[in-house]
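User: I am new to this structure and would like to learn how to read its features. Could we begin with pairs of charged side chains?

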Amino acid sequence: MSTARQQTLKSRINCTGIGLHSNSSVSMTLCPAPPDSGVLFRRTDLDPTIASVAARVDSVVDCRFSTTIGRGEDVCIGTIEHLMAAFAGCRVDNVLIEIDGPEVPIMDGSAAPFIFLIECAGTVAQDAPRQAIRVLKDVRVDDGERSASLCPAAEFSASFELDYDNPVIARQEYFFRFEGDSFKTDLSRARTFCLEQEVDYLRSLGLAQGGSLDNAIVVGKQGILNEGGLRHDDEFVRHKILDAVGDLYLAGGPIQGHFHGVCSGHEMNHRLLDALFEDASAWCLAPSADDQSVILEAPIAATA
Ligand SMILES: [Zn+2]
């Protein structure tokens, strides 16, 4: 099995949309970036000397309802998690995101439109090995009955349990194994959601100003308000894993380990990464295996 090489985009690609919380129109361009540069956001509407923020867990400044990274008070980029999940899911290591406002466009509330953008731009292998963050021992954070944990595993996988005091969502579990295009097929189309009774509260906080049935599932007591219905029966728990995939990509590379969440969210995902990196014996950098080569090399191994 050979080591995977880092990837970036083949060409620049642009999209426009509105921010879920700010309701302002944003133009965003995804650009190729050199090896080992990681995921970097740049606010094109601000002074260029302060406008860049690396998508790393130590850049997180707010994670109450979505993940916001920033530096200082004036430079921030919000709701990055679905875009980050798309980069993780398409194995894009290095990318520069130019954005002319404070929030990534919400699109349809899932990662699917970002997957489409990445596929339109295309990806290209670079002359540098991809390093994974290999989990060496169990790491866990708790908050009452909620928890998030990482444990050693040969590849990245994620499982989640959610339990809502709402008959439409109720109790859901899901297990996700990252292989081939499984992120695209199993998770990418799952949309963000909120309870109908939460909408007024979020708006009173100045949040979700751009939220609508076009970019979120709104769950009432009897059923969902969106006319088109759900994309999966268990779309809610799939979206929670999509969020975790995006948040965990703030580690700075792919995680080689298993994530398990119980009713957790952005805040616990980031606390989990902090706990992982705080313990030097809990992780190491390790060459990432090329899962393309697993398929290519399998027949040779079988005849040897
Ligand atoms: Zn989300």
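Analyst: The model is a predicted one. In general, side chains of opposite charge can pair when their charged atoms come close. In this model, D142 is partly exposed, with a relative accessible area of 38%. Its partner in a salt bridge is R140, and the closest N and O atoms of the two are 2.8 Å apart. R140 is exposed, at a relative accessible area of 54%.

User: Are R191 and E235 buried or exposed?

Analyst: R191 and E235 are both buried. Their side chains meet in a salt bridge, at 2.8 Å from N to O. R191 lies in the loop between α3 (182-187) and β16 (193-195), whereas E235 belongs to helix α5 (residues 235-248), so the pair ties together parts that are 44 residues apart in sequence.

User: With which residue does R238 form a salt bridge?

Analyst: The partner of R238 is D234, with 2.7 Å between the closest N and O atoms. Both R238 and D234 are buried.

User: How many salt bridges does a search of the whole structure find?

Analyst: The search finds 14 salt bridges. Salt bridges can also link into a network, as they do for E161, R171 and E173.

User: Let us turn to helices. At roughly what angle do the axes of α1 and α5 cross?

Analyst: A pair of helices can be read from the distance and the angle between the axes. The axes of α1 and α5 come within 7 Å and cross at roughly 75 degrees. Angles of 65 to 115 degrees count as roughly perpendicular, so α1 is described as roughly perpendicular to α5. On the α1 side, the contact is made by E81, H82, M84, A85 and A88. On the α5 side, H239, L242, D243, V245, G246 and D247 take part. By class, this contact of α1 with α5 has five nonpolar, three polar and three charged residues.

User: How should I read a sheet, and in what order do the five strands of the open sheet come?

Analyst: The order here is β2-β3-β9-β4-β5, and the pairing is mixed. The edge strands are β2 (13-18) and β5 (52-54), each of which pairs on one side only. From one strand to the next, the twist averages 20 degrees. Strands β2 and β3 (residues 25-32) run antiparallel and are joined by six bridges. In one of the residue pairs, T16 has S27 of β3 as its bridge partner.

User: Which helices pack on this sheet?

Analyst: Helix α1 (residues 81-89) packs on the sheet and touches β3, β4 (39-43) and β9 (95-99). The direction of α1 makes about 145 degrees with that of β4. Helix α2 (residues 112-121) also packs on the sheet, where it touches β2 and β3. The direction of α2 makes about 165 degrees with that of β2.

User: What is the pairing in the open sheet of three strands?

Analyst: The pairing is antiparallel, and the strand order is β6-β7-β8. Strands β6 (60-62) and β8 (75-77) form the edges, each pairing on one side only. Neighbouring strands of this sheet are turned by 40 degrees against each other on average, direction ignored. Three bridges join β7 (residues 68-71) to β8, and the bridge partner of G70 in β8 is C76.

Technical notes: Residues are numbered from 1 along each chain as its sequence is written. This is a predicted model: local features need pLDDT of at least 70, side-chain atom pairs count only at pLDDT 80 or more; totals for chains, interfaces and linings use all residues. Side-chain values use heavy atoms; hydrogens and water are left out. Two strands pair if DSSP finds at least two bridges between them. Helices (H or I, at least four residues) and strands (E, at least two) are DSSP runs, numbered from the N terminus. Axes are lines fitted to C-alpha atoms, for helices over the stretch in contact, and angles run from 0 to 180 degrees between N-to-C directions. Contact means heavy atoms within 4.5 Å. A salt bridge is a side-chain nitrogen of Lys or Arg within 4 Å of a carboxyl oxygen of Asp or Glu. Buried means under 20% relative accessible area, exposed over 50%, partly exposed in between (1.4 Å probe, protein chains only). Angles under 35 degrees count as roughly parallel, over 145 as roughly antiparallel, 65 to 115 as roughly perpendicular and the rest as oblique. Ala, Val, Leu, Ile, Met, Phe, Trp, Tyr, Cys and Pro count as nonpolar, Asp, Glu, Lys and Arg as charged, and the others, Gly among them, as polar.
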